[in-house]
Amino acid sequence: MKFNTKTIHGGQEHDPAYGSVMPPIYQTSTYVQSTPGAHKGYAYSRSANPTRTALENSFASIENGNYGLAFGSGLAAIDAVLKLLKSGDEVLSTNDLYGGTYRLFTKIYEDFGITFNFIGMENAERIEDYITEKTKLIWVETPTNPMMTIIDILATAKIAKKHKVLLAVDNTFATPYLQRPLDLGADIVMHSATKYLGGHSDLVMGGLIVKDKDLADRLYFIQNASGAVCGPQDAFLALRGIKTLHIRMQRHCENGKAVAEYLVNHPKIEEVYWPGLEHHPNHDIAKSQMNDFGGMVSFTTKGNNYEEAIKIIENLKVFTLAESLGGVESLAGHPASMTHGSIPKEEREKIGIVDSLIRLSVGIEDEEDLIADLKQAIGS
Ligand SMILES: Cc1ncc(COP(=O)(O)O)c(C=O)c1O
């Protein structure tokens with residue numbers, strides 16, 4: 001199957017009970033057994049639930065993996081990956097990443113004796129310099145949140161393989177519509193399915209996808225043992241969202257391009273971060289590993305003027321000021337005080353998350369309305 005067919009049919013079966021085309025929401029915690037241990041594959045819904053299984057199969061299908069796992073949030077999925085590690089292990093991570101991931105790494109797992117090294121990965125060769133015999137995991141976001149830095153997955157995967165280190169890629173921003181990290185050699189793909197996969201800002205959900213059976217078994221064990229699973233209702237909503245992922249993403253990309261190009265030419269705007277712009281430092285890598293450039297666009301105001309940035313955010317009418325991204329509706333955010341507030345100011349500013357940075361999740365409304373909204377909010 002090709003991608004657009006996989007989003008709809010990948011890993012799906014019509015329900016055997018009554019032939020329903022969509023999987024029923026199996027709103028049950030437990031399942032009948034005729035004698036102890038004799039059941040139809042489901043014993044308790046923390047361990048497995050048929051609606052969640054349908055979603056996990058869909059996750060695996062769209063990312064070209066063999067195994068999918070669904071969690072109660074993106075962070076719960078990341079948490080499960082970190083539980084593969086032991087005290088004394090080291091993790092190499094991008095220095096520009098979602099603030100909640102940074103918080104989980106530094107405020108929870110550092111206390112368990114895991115060391116995190118946050119480095120710029122836009123030049124993949126540099127990664128090798130930081131690998132020690134204790135390094136067990138490389139954690140990559142690409143495009144990064146919120147600076148839209150692009151990391152070369154293929155080159156990073158080669159380094160990870162050479163040193164027998166796991167490579168995990170947070171594919172939340174790109175989605176498998178734009179890039180499939182497992183095909184490029186990554187071991188684990190992670191999603192905040194809260195975002196583009198769900199696509200309608202109506203659920204919180206996480207996902208992991210892998211190819212390797214042993215790795216999948218270890219993660220399934222952690223999923224069941226730690227129990228951070230999603231409920232069947234949310235699994236159903238995520239499945240429904242994925243069925244339109246390809247057409248939503250197509251429009252997100254078109255509108256993202258229009259917004260980025262409008263902002264680049266605006267006299268009141270200093271920098272625009274969108275990997276589709278030719279002057280983006282890793283535009284060529286983006287072109288080679290992505291099918292298009294997505295709908296996430298960040299920008300700063302001329303002279304890094306904080307008050308001006310806040311005024312723009314307050315003036316926006318079609319773009320809603322809110323946390324999160326990836327829904328059909330356009331959202332605007334202020335990373336320094338919102339999504340990345342948990343990263344210390346000095347750390348933040350080193351990687352470009354200055355106080356005037358605005359991050360847009362460009363939705364699938366009419367392009368003209370989005371541009372008109374930016375025009376009235378920024379002024380001329
Ligand atoms: C890139 C990225 N990864 C992970 C997460 C965490 O996901 P969740 O909010 O579903 O726990 C987010 C949330 O904003 C994100 O943007």
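A: Start with a cysteine. At 2% relative accessibility, C253 counts as buried, because buried means under 20%. One caution: this is a predicted model.

Q: Is C230 buried or exposed?
A: C230 is buried too, because its relative accessible area is 8% and the cut-off is under 20%.

Q: How many disulfides does the structure hold?
A: First the general idea. A disulfide is a covalent bond between the sulfur atoms of two cysteines. In this case the count is zero.

Q: Where do nonpolar residues go?
A: In soluble globular proteins, nonpolar side chains tend to be buried together. Here the largest nonpolar core has 66 residues. Those with the most contacts inside this core are L55, F59, M205, L263, V272, L360 and L374.

Q: Which helix gives the most to this core?
A: Helix 10, residues 245–264, gives the most, with eight residues. There is also a second, separate core of 30 residues. It includes A76, Y102, Y109 and I343.

Q: How do I read a helix?
A: Think of its turns. An α-helix has 3.6 residues a turn, so residues three or four places apart point the same way. Now look at helix 3, residues 74–82. This helix is mostly covered, with eight of its nine residues buried. The buried ones are G74, A76, A77, I78, D79, A80, V81 and L82.

Q: What order do the strands have in the open sheet of five?
A: Reading across, the order is 8-9-12-11-10, and the pairing is mixed. Strand 8 (269–273) and strand 10 (320–321) are the edge strands, each pairing on one side only.

Q: How do strands 9 and 12 pair?
A: Strand 9 covers residues 296–301 and strand 12 covers residues 358–361. They pair in the antiparallel sense over four bridges. Take the bridge partners one by one. S298 has R359 as its partner in strand 12. V297 has L360.

Q: What about strands 11 and 12?
A: Strand 11, residues 331–333, also pairs with strand 12 in the antiparallel sense, over three bridges. L331 has S361 as its bridge partner in strand 12.

Q: Which way do side chains point from a strand?
A: In a regular strand the side chains alternate between the two faces of the sheet. Strand 12 shows two directions: I358 and L360 point one way, and R359 and S361 point the other way. All four of these residues are buried. L360 is also among the residues with the most contacts inside the largest core.

Q: Now the ligand. Which residues come nearest?
A: There are 14 residues around the ligand, and G74, D170, S192, T194 and K195 come nearest. G74 is also one of the buried residues of helix 3.

Q: What polar atoms lie by the oxygen atoms of the ligand?
A: Look for N and O atoms. An N or O atom in the side chain of T194 is 2.7 Å from a ligand oxygen. A polar backbone atom of L75 is 2.9 Å from an oxygen of the ligand. For N145, a polar side-chain atom lies 3.1 Å from a ligand oxygen. On its own the ligand has 390 Å² of accessible area, and the protein covers 92% of this.

Q: Where do K164 and S324, with their positive phi, lie?
A: K164 has phi near 55 degrees. It lies in the loop between helix 6 and strand 5 (166–170). K164 counts as exposed, because its relative accessibility is 74% and the cut-off is over 50%. S324 has phi of about 80 degrees. Its place is in the loop between strand 10 and strand 11. S324 is partly exposed, with a relative accessible area of 24%.

Note on methods. Residues numbered from 1 in each chain as written. Predicted model: local features only at pLDDT ≥ 70, side-chain atom pairs only at ≥ 80, totals over all residues. Heavy atoms only, no water. Pairing = 2+ DSSP bridges. Core = buried A, V, L, I, M, F, W, Y, C linked by side-chain atoms within 4.5 Å. Buried < 20%, exposed > 50% of the residue type's maximum accessible area, 1.4 Å probe, protein only. Near = heavy atom within 4 Å. Polar contact = N/O pair within 3.5 Å; in protein donor to acceptor, adjacent residues only side chain to side chain. Areas by Shrake-Rupley, 256 points an atom, 1.4 Å probe, with all protein chains shown as cover. Disulfide = S-S within 2.5 Å.
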